[in-house]
Amino acid sequence: MAVEVRIPTILRSFTGGEKTVSAEGTSLQSVIASLDASYPGIGDRLLDDSGLRRFVNIYLNDEDVRFLDGLSTPVADNDSITILPAVAGG
Amino acid sequence: MRFDSLLDSVGHTPLVGLPRLSPSADVRLWAKLEDRNPTGSIKDRAALAMIAQAEADGRIKPGDTLLEPTSGNTGISLAMVAKQRGYKLICVMPENTSSERTQLLLMWGAEVIYSPAAGGSNEAVRVAKGLAAEHPDWVMLYQYGNPANAQAHYDGTGPELLADLPTITHFVAGLGTTGTLMGVGRYFREHKPDVEIIAAEPRYGELVYGLRNIDEGFIPELYDASILTSRFSVGPRDAVKRMRELLEVEGIFAGVSTGAILHAAIGTANKCVKAGVSADIAFIVCDGGWKYLSTGAYEGTLDDAEDALDGQLWA
């Protein structure tokens with residue numbers, strides 16, 4: 001299962017500057033594990049002991065995964081994942 | 001309709017059906033026209049409520065100086081209320097906002113201090129908090145953490161929606177300070193708990209996410225995730241496309257953030273059609289398109305508009 005993952009500017013030091021990378025997995029958890037295998041250390045910036053880090057938002061096809069099944073959210077072939085830091089609006 | 005003053009006329013906005021954009025007779029879209037408020041945006045509700053509450057609490061009195069981080073609309077609303085009630089207002093606004101916002105703030109008598117474009121509103125909040133620490137006599141009402149912001153929607157927007165549309169099934173609004181979604185959401189949790197509360201969050205260009213560290217992110221103190229049913233990220237291309245569609249098909253001239261909200265509302269409507277359920281989906285028209293004419297959002301192709309909006313705080 002290949003999915004496209006969009007990487008925010010502040011995490012591109014892990015991906016050699018790449019904006020979009022490919023990862024494998026059938027759940028968000030396994031996609032992040034696959035990302036971390038390709039780009040060691042990135043997993044740590046996304047997750048902490050309690051799960052997704054507080055200021056990290058991850059969207060599966062534009063929907064916030066916290067309102068899906070979190071890290072257990074199923075991921076299908078050709079899905080798109082976007083990682084963004086939480087910022088202020090208003 | 002007659003009111004004693006301009007401030008008394010805040011709220012009570014029309015809810016209009018969208019017969020052409022609604023996907024079927026059973027799945028209907030409804031637009032709440034918040035651009036009909038005195039300064040032309042939904043933020044008049046929060047601004048009036050925050051100032052009235054601070055006065056009631058004895059936190060401020062006429063002649064005081066107010067300070068607020070804002071990407072524009074809240075500042076414009078606060079400036080209008082502040083002028084009516086005798087306060088001085090200083091707004092900290094990111095420099096990458098449309099020029100109309102600065103013009104309007106100055107017209108209503110506010111002073112503008114710019115914060116750096118990189119980092120967007122996060123930077124405006126940081127700069128404002130620094131200024132507040134340096135000037136203890138200035139009062140920061142702080143829209144991101146002021147309960148009166150959400151309360152304005154609990155008291156006004158929510159009850160208005162339920163009265164006008166008792167069959168409402170979904171409510172869709174933008175996620176900025178989170179005040180609208182928290183206030184309306186909480187109202188429906190108590191009065192019609194089945195209503196789904198859906199957030200549309202603007203996805204800006206990379207400049208806006210220019211944090212130094214992922215731990216420097218920002219979540220408004222008002223935000224309570226348990227109020228929401230789902231949350232969508234909408235980029236400028238979809239926002240502009242929907243904003244133009246709303247004008248073309250239904251004649252409503254709205255701002256770019258409304259396009260993002262409509263995108264989430266139409267996505268929700270399509271899901272309802274697919275699931276074979278009927279739905280009455282109400283969404284917020286945050287403001288009119290006037291303040292965005294200079295951004296290029298209404299001109300040229302979608303590619304042109306997307307390029308023009310890159311790096312700007314368009315919602």
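What follows is a chat about the pockets, cores, strands and a few single residues of a predicted model.

Visitor: Hi! Before we start, what kind of model is this?
Guide: Welcome! This is a predicted model.

Visitor: What about the second largest pocket, what volume does it have?
Guide: Its volume is about 310 Å³. The second largest pocket has 25 lining residues, and Asn57(A), Ala86(A), Leu175(B), Glu201(B) and Arg231(B) are the ones nearest its centre. By class, that lining has 16 nonpolar, 5 charged and 4 polar residues.

Visitor: Which strands each supply at least two residues there?
Guide: Strand 5 (56-60) and strand 7 of chain A do, along with strand 8 (196-202) of chain B.

Visitor: Tell me about strand 5 of chain A. How many of its residues are buried?
Guide: In strand 5 of chain A, 5 of the 5 residues are buried, so this strand is largely enclosed by the rest of the structure.

Visitor: Which way do they point?
Guide: Val56(A), Ile58(A) and Leu60(A) point one way, while Asn57(A) and Tyr59(A) point the other way. In general, side chains in a regular strand alternate between the two faces of the sheet.

Visitor: Which strands does strand 5 of chain A pair with?
Guide: It runs antiparallel to strand 7 of chain A, joined by 5 bridges, and Val56(A) stands opposite Pro85(A) there. Strand 5 of chain A also pairs with strand 6 of chain A in the antiparallel sense, over 2 bridges. In that pairing, Leu60(A) stands opposite Glu63(A).

Visitor: How many residues sit between the strands in the hairpin of strand 5 and strand 6 of chain A?
Guide: That hairpin has 2 residues between the strands, and Asn61(A) takes a positive phi near 45° in it.

Visitor: Is Asn61(A) buried or partly exposed?
Guide: Asn61(A) counts as partly exposed, because its relative accessibility is 39%.

Visitor: Switching to the inside: which residues touch the most other members of the largest nonpolar core?
Guide: In that core of 67 residues, they are Phe171(B), Leu181(B), Phe188(B), Leu228(B), Val256(B) and Phe283(B). Helix 8 (residues 256-275) of chain B gives the most to this core, with 9 residues.

Visitor: What does Leu228(B) touch?
Guide: Leaving aside residues up to four places away in sequence, its contacts include Phe67(A), Leu175(B), Leu181(B) and Tyr223(B).

Visitor: How many residues are in the second, separate core?
Guide: That core has 26 residues, among them Val3(A), Val31(A), Leu46(A) and Val75(A).

Visitor: Back to strands. In what order do the 4 strands of the open sheet in chain B come?
Guide: The order is 5-4-3-6, with parallel pairing. Strand 5 (111-115) and strand 6 (139-140) of chain B are the edge strands, each pairing on one side only. Strand 4 (residues 88-94) of chain B is joined to strand 5 of chain B by 5 bridges, and Cys91(B) has Val112(B) as its bridge partner.

Visitor: One last stop: where does Gly296(B) lie?
Guide: Gly296(B) is in the loop between strand 10 (279-285) and helix 9 of chain B. At 12% relative accessibility, Gly296(B) counts as buried. Gly296(B) and Ala308(B) are 12 residues apart in sequence and 6.0 Å apart in space, C-alpha to C-alpha.

How values were computed
Residues are numbered from 1 along each chain as its sequence is written. Chains are lettered from A and ligands numbered from 1 in the order in which they are written. This is a predicted model: local features need pLDDT of at least 70, side-chain atom pairs count only at pLDDT 80 or more; totals for chains, interfaces and linings use all residues. Side-chain values use heavy atoms; hydrogens and water are left out. On a 1 Å grid over the protein atoms alone, a cavity is a set of points where a 1.4 Å probe fits but cannot get out, and a pocket is an open set with protein on both sides within 12 Å along at least five of seven lines; lining residues have an atom within 4 Å of a point. Grid points are joined across faces, edges and corners, and a volume is the space filled by probe spheres set on the points. Ala, Val, Leu, Ile, Met, Phe, Trp, Tyr, Cys and Pro count as nonpolar, Asp, Glu, Lys and Arg as charged, and the others, Gly among them, as polar. Buried means under 20% relative accessible area, exposed over 50%, partly exposed in between (1.4 Å probe, protein chains only). A nonpolar core is a set of buried Ala, Val, Leu, Ile, Met, Phe, Trp, Tyr and Cys residues joined through side-chain atoms within 4.5 Å. Contact means heavy atoms within 4.5 Å. Two strands pair if DSSP finds at least two bridges between them.
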